[in-house]
Structures are given as structure tokens and as C-alpha cells.
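Hi,

Here's the structure I said I'd pass on to you. Could you open it and keep it next to this email while you read?

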Amino acid sequence: MAFKRENWLENTIGLSWSSKLRYREPALLRSMWSENRSKGILYARTCILDVPGKFFAETSLIYPCTESIFPIFGSEYIMTAKGYFGATDFHPTNGEHDLVNEVFSSEPDKIVESSKHYNLDTYFSGKLWHKKSKKNFYNEYVTDCKRRVSVYAAALSGMPVSTAPNPDRFSGFDRYMADNDPAHGILKSYFGSEFANEYIRGFLFPHYTIPC
């Protein structure tokens with residue numbers, strides 16, 4: 001299941017990146033993150049969980065640092081013994097679907113209407129790109145992600161930057177995605193609940209908060 005990959009997010013938007021490796025047999029966890037508030041990027045990061053021969057997940061997110069509400073860029077590619085899955089979207093954070101349709105009107109509309117794990121009318125836009133296959137389509141996924149993140153970064157650069165960003169703006173999105181992430185069951189079965197919660201809430205979705 002191993003394949004050659006690139007840090008396409010780093011290569012596309014540049015910036016100075018930090019990284020961390022964690023190994024808990026048989027899993028390798030790689031986390032890379034960066035920020036550039038002058039470019040409107042509060043926080044960008046990629047997390048990769050690799051269990052050789054069993055499971056691979058690459059998840060990337062860009063949280064904006066803007067005065068007004070702006071979508072989160074997100075993408076994910078998963079490999080299991082059953083096949084391959086990829087998705088990328090401009091995620092609405094507070095129901096701003098009209099903003100997504102306006103800013104990213106040149107992007108094709110989504111073709112998938114339902115998900116076993118998520119309500120696609122909540123934190124997913126009408127521009128969601130989604131594909132499943134028995135064959136590895138990682139190169140196609142990366143090509144689409146590069147184009148979309150370039151469009152996203154260009155739109156973001158034209159937005160007024162917040163001088164006092166509020167990460168709590170993203171807690172609803174992170175909490176929803178973390179609570180419904182299908183990888184939780186896989187991680188729990190391999191490594192236990194503690195590792196699964198730490199990975200999903202600490203690495204994948206850093207603005208996760210437990211509601212009072």
C-alpha cells in the first residue's frame with residue numbers, strides 16, 4: 001500500500017513549516033504545520049497516519065485569519081484494504097454557503113448528495129469534490145487539491161486580515177468533524193480509545209472543544 005507522495009500543501013502555498021514525528025508500533029504519525037497571518041492563514045497543517053499494509057490517512061486543513069467569516073480549506077485521502085477515498089472542500093464554518101458559491105463559483109458543483117458519516121448540508125459546501133475507487137487515484141486527488149488550494153489562497157489574500165483572530169470561530173467545525181470522523185473506529189480498534197481521541201482531537205482538529 002506504500003506509494004511515493006509529496007507535501008503538496010507545502011509546495012503549493014510555501015511558508016515555513018514545522019514538523020513532528022511520532023511512532024507507536026505499528027503506526028507512524030507525521031504532523032506538519034505553519035502559519036502566516038499576513039497572508040490570511042491562521043493555521044495550516046497536514047497530518048498523516050500510516051499503518052503499513054492496513055491503513056493510510058492524509059488530512060490537510062487551512063484555517064483563515066480574516067475579519068469576516070471565510071471558509072476552511074480541507075482535504076482528505078484514505079487508503080484501506082477495501083479501496084481508496086478522497087475529498088476536498090471549502091468548508092462553511094457558520095453556514096456561509098452563499099459565500100462559498102460566490103467566491104468559488106468557477107469550481108464544479110458537488111455530485112455526491114449523502115454520506116454515511118456526515119450531514120453534507122452542514123459543514124460541507126456545494127463545491128465538495130469526492131471520489132471513491134478500488135484503484136489508487138492519489139495523483140488525481142493531488143492535482144485537484146493543488147488547483148483548489150491555489151484558488152483558495154488567492155481569494156484569501158484579498159480578504160482583510162484580523163488583528164485579533166478568534167480560534168473559537170472554528171470550534172464548532174472541529175468538534176463536529178472530530179465527533180463524526182469514521183477513522184475513530186479504526187484507530188480505536190488498533191490502538192485504543194486514548195490514542196484515537198488524542199489523534200483526532202489533538203492532531204486532526206486542533207480547535208476541538210467540549211461544549212459546556
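Let's start with Arg 147, which is partly exposed, with a relative accessible area of 36%. (Buried means under 20% relative accessible area, exposed means over 50%, and partly exposed is in between, using a 1.4 Å probe and protein chains only.)

Before you go further, some ground rules. This is a predicted model, where local features need pLDDT of at least 70 and side-chain atom pairs count only at pLDDT 80 or more, while totals for chains, interfaces and linings use all residues. Residues are numbered from 1 along each chain as its sequence is written, and side-chain values use heavy atoms, leaving out hydrogens and water.

**Salt bridges**

How many salt bridges does the structure hold? There are 7 of them, where a salt bridge is a side-chain nitrogen of Lys or Arg within 4 Å of a carboxyl oxygen of Asp or Glu. Arg 147 forms one with Glu 107, and their closest N and O atoms are 2.7 Å apart. This pair brings together distant parts of the chain, 40 residues apart: Glu 107 is in the loop between α2 (97–103) and β7 (129–133), and Arg 147 is in helix α3. (Helices, H or I with at least four residues, and strands, E with at least two, are DSSP runs numbered from the N terminus.) Glu 107 counts as buried, at 4% relative accessibility.

Arg 147 also meets Asp 144 in a salt bridge, at 2.8 Å from N to O. Both of these sit in helix α3, 3 residues apart, which is about one turn of the helix. As a reminder, an α-helix has 3.6 residues a turn, so residues three or four places apart point the same way. Asp 144 counts as buried too, at 12% relative accessibility.

(A charge sits over a ring if NZ of Lys or CZ of Arg is within 6 Å of the ring centre and within 35 degrees of the ring normal.) Lys 131 is partly exposed at 27%, and Glu 140 is partly exposed at 38%.

**Aromatic rings**

A search of the whole structure turns up 22 aromatic pairs. In one of them, the ring centres of Trp 8 and Tyr 141 are 6.4 Å apart and the planes are at 90°, so the pair is edge-to-face. Trp 8 is in helix α1 (residues 8–13) and Tyr 141 in helix α3 (residues 138–157), so to speak distant parts of the chain, 133 residues apart. (Rings of Phe, Tyr and Trp, using its six-membered ring, pair if their centres lie within 6.5 Å; planes under 30 degrees apart count as stacked, over 60 as edge-to-face and the rest as tilted.) Trp 8 is buried at 1%, and Tyr 141 is buried at 0%.

In another pair, Phe 70 and Tyr 152 have ring centres 5.5 Å apart and planes at 50°, so this one is tilted. Phe 70 is in the loop between β4 and β5, 82 residues away from Tyr 152 in helix α3. Both residues are buried. One aromatic cluster includes Trp 8, Phe 70, Phe 137, Tyr 141 and Tyr 152.

**The cores**

Which residues touch the most other members of the largest nonpolar core? Of its 34 residues, the answer is Phe 55, Tyr 63, Phe 173, Leu 187, Tyr 199, Ile 200 and Phe 205. Elements that each supply at least two residues of this core include β4 (55–64), α4 (171–180) and α6 (193–204). The one giving the most is α6, with 6 residues. Apart from this core lies another, of 27 residues, among them Ile 41, Phe 70, Met 79 and Trp 129. (A nonpolar core is a set of buried Ala, Val, Leu, Ile, Met, Phe, Trp, Tyr and Cys residues joined through side-chain atoms within 4.5 Å.)

Helix α4 is largely enclosed by the rest of the structure, because 7 of its 10 residues are buried. Among them are Phe 173, Tyr 176 and Met 177. What covers the buried residues of α4 includes β4, β5, β6 (83–91) and α6.

**Cysteines**

The search finds 0 disulfides, meaning pairs of cysteine sulfur atoms within 2.5 Å.

Happy clicking!

Methods:
Contact = heavy atoms within 4.5 Å.
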